Amino acid sequence: MKIKFVLNNESVEADIHPDMYLIDLLRDFDCLGVKKGCDTGTCGACTIHVNGKPALSCVMLAAKADGTEILTIEGVKEDAKRIGSYLVDEGVEQCGYCSPGTIMSVLYLEKRVQNPTDAEILHYLNGNLCRCSGYAGQLRAIRAYLEAKNNESC
């Protein structure tokens, strides 16, 4: 089955099997920042944006990507580097496996909520599991990133 979609602002076409999951297709396109963590949609390591909204690529059939716009961590390199630097500054980057999914969730949060509370930040991070560190450091890092971003726009 052939599908067409936009991947990180480039039109692509793929020949897929009907039972193929989107994560496998994205990794075939060298989107290796999309991590396989659980294959059940519970860890968030595979988080991408589909038509501007977060989606878990490990539980989404590739066929559903037909006609969509998909954004992975590879499509937001500059934003990812910046957010990642805040995570590093807070000491929460240990293995980094959860970082791509977390960063994609932060970028969605940033679009949806202006000046989010800690509870709102945690709500948007819900489902992004980190097995190395507690979430207090991530919360501090995200808060610092968002504050810096708000100060730039003032």
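## Lining of the largest pocket

Strand E4 (53–56) contributes the most to the lining of the largest pocket, giving 3 residues, in what is a predicted model. Helix H3 (99–112) and helix H4 (118–125) are, together with E4, the elements that give two or more residues to this lining.

The space in the largest pocket comes to about 160 Å³, and the residues that line the pocket are Gly44, Thr47, Pro54, Ala55, Leu56, Ser105, Tyr108, His123, Tyr124, Asn126, Gly127 and Asn128. Sorted by class, the lining holds 5 nonpolar and 7 polar residues, with no charged residues.

## Aromatic pairs

Across the whole structure, 3 aromatic pairs are found. One of them joins phenylalanine 5 and phenylalanine 29 in an edge-to-face arrangement, at 6.0 Å centre to centre and with 85 degrees between the planes. Because phenylalanine 5 belongs to strand E1 (residues 2–7) and phenylalanine 29 to the loop between helix H1 (22–28) and strand E3 (47–50), this pair ties together parts that are 24 residues apart in sequence. Phenylalanine 5 is buried, at a relative accessible area of 3%, whereas phenylalanine 29, at 29% relative accessibility, is partly exposed.

Tyrosine 108 and tyrosine 124 form a pair that counts as tilted, because their ring centres are 5.9 Å apart and their planes lie at 45 degrees. This pair also links distant parts of the chain, with tyrosine 108 in helix H3 and tyrosine 124 in helix H4, 16 residues apart.

How values were computed:
Residues are numbered from 1 along each chain as its sequence is written. This is a predicted model: local features need pLDDT of at least 70, side-chain atom pairs count only at pLDDT 80 or more; totals for chains, interfaces and linings use all residues. Side-chain values use heavy atoms; hydrogens and water are left out. On a 1 Å grid over the protein atoms alone, a cavity is a set of points where a 1.4 Å probe fits but cannot get out, and a pocket is an open set with protein on both sides within 12 Å along at least five of seven lines; lining residues have an atom within 4 Å of a point. Grid points are joined across faces, edges and corners, and a volume is the space filled by probe spheres set on the points. Helices (H or I, at least four residues) and strands (E, at least two) are DSSP runs, numbered from the N terminus. Ala, Val, Leu, Ile, Met, Phe, Trp, Tyr, Cys and Pro count as nonpolar, Asp, Glu, Lys and Arg as charged, and the others, Gly among them, as polar. Rings of Phe, Tyr and Trp (its six-membered ring) pair if their centres lie within 6.5 Å; planes under 30 degrees apart count as stacked, over 60 as edge-to-face and the rest as tilted. Buried means under 20% relative accessible area, exposed over 50%, partly exposed in between (1.4 Å probe, protein chains only).
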